[in-house]
Each structure stands twice: as structure tokens, then as C-alpha cells.
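Welcome! Take a moment with the sequence and the 3D view, and then we can walk through them together.

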Amino acid sequence: MKNMNIKHLLGALAVATIGLFTACSDDDSSGGGQPVIESVSLAKNDSLVEQGYADNMYIIRGRGFTNTQKIYFNETDTYFNSTFVTDDVILVTIDRNTPYENAPDELKVVTADGTAVYHFVVAPPAPFVRSFQPVNAADGEQITIYGSFFLDPTVTVGGVEAEIVSNTLTEIVAILPAGSQLKTVTVTTISGGSEWGTAVGTAIYDDAFYAPWDIEPWNNHTYETDAAKAYQGVKFIKKTINGWDNIQGNWAWNDQLSQYTGIHFWIRSDDAGKLIPIINGNGWGDASKAVITGTEWTEYRYTWAELGNPAALQNITFQEFTGAAHNYYFDNFGFTVD
């Protein structure tokens, strides 16, 4: 789920746009006078709007913006970059924490010469799905979806609407519709949609292992419960692995692989680490198979072809390959379907 950062994209657009407007308004750069807001556009496509969404950049047009001191959306003091301000143009991103309920629906630009007020509605941020549990729920069973900004949500699984049992801004309980297996879960609100990349029925480990998979207790690993630090759900695996040592999964057998395209898992570490994923016992000590880990969760995917088209999945193990002890964390083991 690593995509181009939309903020970087909008930032690049902003630089190009502000350059254009600066060039067009050199003669008016002296500024001065009461500020006036004439319109607001979405920076991404420069389309006029009367409603904005948090985490999106907007173009404020008018006059008298030189020496802008403050910008407020619904009385929220909003950060702006002074290099993105000319006398007649401001580019600014609406802060994620801007209130959208029981708010005055106002945009204010404050300069040394006065304040411009403009009617402008701020909608809630787009929803963000962080995970759902249990991944291997059957059709007709309940799942709990974790995330944020679930305001009046709709839940679909593979495009089919699910029944919502209850919801808050951060959790939704929904019933999987028929045909949900191997499909992804999406939450949609008036502000947009968010999809969780792990498909229903594909988990090896979410907050617990699914039979026949497990990690034997002699590995001396622990299961940490901390939703803020987990990649998905609320639990993840931790082990301090000494140099060249390993965390070894138990040996099992699953030859029902045709519905999947491969396997994936997520790893992080407290500092720079290196591990060799050993699948079905293959790869011990093979530096060419090593992966670098860091403080951010990173997904590793392997297709069956990359694993030599095995007849069955039998074992997942990780060997430490820096030669020193590191704290490693593991989460969201499962099969891929794309």
C-alpha cells in the first residue's frame, strides 16, 4: 500500500502555481488595503469550490493578501507557508484537526490592514481504514473495522454493501455479506473512501495465528498489545533476536494454494536491522535474500514463482543477519490474492 504521497504531488503543483501567479502580479506586489476574498479553488485541479476537505490544498483568490498574518478555517489557526502568498493568491492546506460540526463555516484571512471573512464549509477528513478483525471471518459473521473519521459510513466488501451493526468515529462493526471471501473491505463517507489491502479470508496471523500456523514458545517471543504500535489490529509479535539467531515458525502443511498468488508479512525494528525470510526452510545464510528493516512497518511480498512454485506452504522463519541483537516486530502474515 505504498503509493505516491499526495501531499508531495500537491506541493509540487503549488510551487508551479505560485510561480505563475507571482509572475502575473509583480506589479501589484506592494499590497496594502483591506483584504478581500473572492473565491476558493481546489489546488489539485483549480476548480471553484464552496466546501473543502482536511488534508487538501486550496487556492484563495482575492486582493490585499500581502503581509498575511493568520489564516483561520472555522476559527482554527491554520499553518501556511509565506512563500505561497502573493497580494492576490494564497495556497494553504486545511488542517486535519479543523472542526466540521457546530462550526461557523468561515474562512478568515488576517493581514496588517484588516480581516477578510468568506463563507466556506469544511467537511470532515476522508476516512482512514487501519485494519479489521478477524481477517478470516466467514460470510455472515461480524468484523470490527479500525480507523478514523468514520462519519456516517458505508462499508462494502468487494463492492457489495455490508450491514453496519454499530459505529463510532474510530470503529465500525459490520456483517460480512455473501461472497466476501478473498475480497477487500472499503469504508466510504461523504469525504471519500479508504480500502484495507488485506483481503478477507487470507490471514495466517492477524491478532492470533490460524491453525495450523504458530510460533513455538521456545522462541521466547512475546505478543504485544498496543493498537497505536500494531500494524493491524491491536497485537503484534516481538522478539529480541541475537546475531545470526532466528525466530522459527512451526512446521505445518497447506497445499491449498491455487486461490492465492503468494504470501506477505510486515516487519519493523527499533533500529536498522537485517533479516533473511526463510520460506519452507530455504535460504539459511543466503545474503541475497536478506531484507533491511527500520522503525517503520514495511511489507514484504513473495509470489509463488519467486518461492519456486512450492507444492505447499510449510514454514515461515526469520534469521537475524546483522550479527548483533535487535528488537524485531512482526504483524499481518497472510496470503496475497493480487
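## Confidence in the model

This is a predicted model, and its protein chain has an average pLDDT of 92. A pLDDT of at least 70 is reached by 91% of the residues. One stretch to treat with care is residues 1-29, where pLDDT stays under 50. For that stretch the model has 32 contacts beyond four places in sequence.

Another strand to visit is β12 (residues 142-148). Six of its seven residues are buried, so β12 is largely enclosed by the rest of the structure. Strand β11 (residues 128-133) runs antiparallel to β12 and is joined to it by five bridges. Strand β16 (residues 171-175) also pairs with β12 in the antiparallel sense, over five bridges. Y146 is a handy landmark here: S131 stands opposite Y146 in β12, and the bridge partner of Y146 in β16 is E171.

## Nonpolar cores

Which residues touch the most other members of the largest nonpolar core? They are I263, F265, L313, F318, F330 and F333, out of 27 residues in that core. Several strands each supply at least two residues of this core: β19 (203-205), β21 (235-241), β23 (262-269), β24 (273-279), β26 (298-303), β27 (316-320) and β28 (326-336). The largest share comes from β28, with four residues.

Leaving aside neighbours within four places in sequence, F265 is in contact with residues including P277, I279, Y300, F318 and F333. E299 is also among the contacts of F265, and we will meet E299 again below. There is a second, separate core of 24 residues as well, and its members include A137, V187, A203 and W297.

## Salt bridges

How many salt bridges does a search of the whole structure find? The search finds eight. In one of them, the side chains of D46 and R61 meet at 3.0 Å, N to O. D46 lies in the loop between β1 (36-42) and β2 (47-48) while R61 is in strand β4 (residues 57-63), so the pair ties together parts that are 15 residues apart in sequence. The two partners can be told apart by their accessibility: D46 counts as partly exposed at 38% relative accessibility, whereas R61 counts as buried at 17%.

The side chains of D55 and R96 form another salt bridge, at 2.8 Å, N to O. This pair links distant parts of the chain, 41 residues apart: D55 is in the loop between β3 (51-53) and β4, and R96 is in the loop between β7 (89-93) and β8 (106-111). R96 is partly exposed, with a relative accessible area of 32%.

Finally, back to E299. Its side chain meets that of R301 in a salt bridge of 3.1 Å, N to O. E299 is partly exposed, with a relative accessible area of 21%, and R301 is partly exposed too, at 39%. Together with D338, E299 and R301 are linked in a network of salt bridges.

Definitions and conventions: Residues are numbered from 1 along each chain as its sequence is written. This is a predicted model: local features need pLDDT of at least 70, side-chain atom pairs count only at pLDDT 80 or more; totals for chains, interfaces and linings use all residues. Side-chain values use heavy atoms; hydrogens and water are left out. A salt bridge is a side-chain nitrogen of Lys or Arg within 4 Å of a carboxyl oxygen of Asp or Glu. Buried means under 20% relative accessible area, exposed over 50%, partly exposed in between (1.4 Å probe, protein chains only). pLDDT is the predictor's confidence in each residue, from 0 to 100. Contact means heavy atoms within 4.5 Å. Two strands pair if DSSP finds at least two bridges between them. A nonpolar core is a set of buried Ala, Val, Leu, Ile, Met, Phe, Trp, Tyr and Cys residues joined through side-chain atoms within 4.5 Å.
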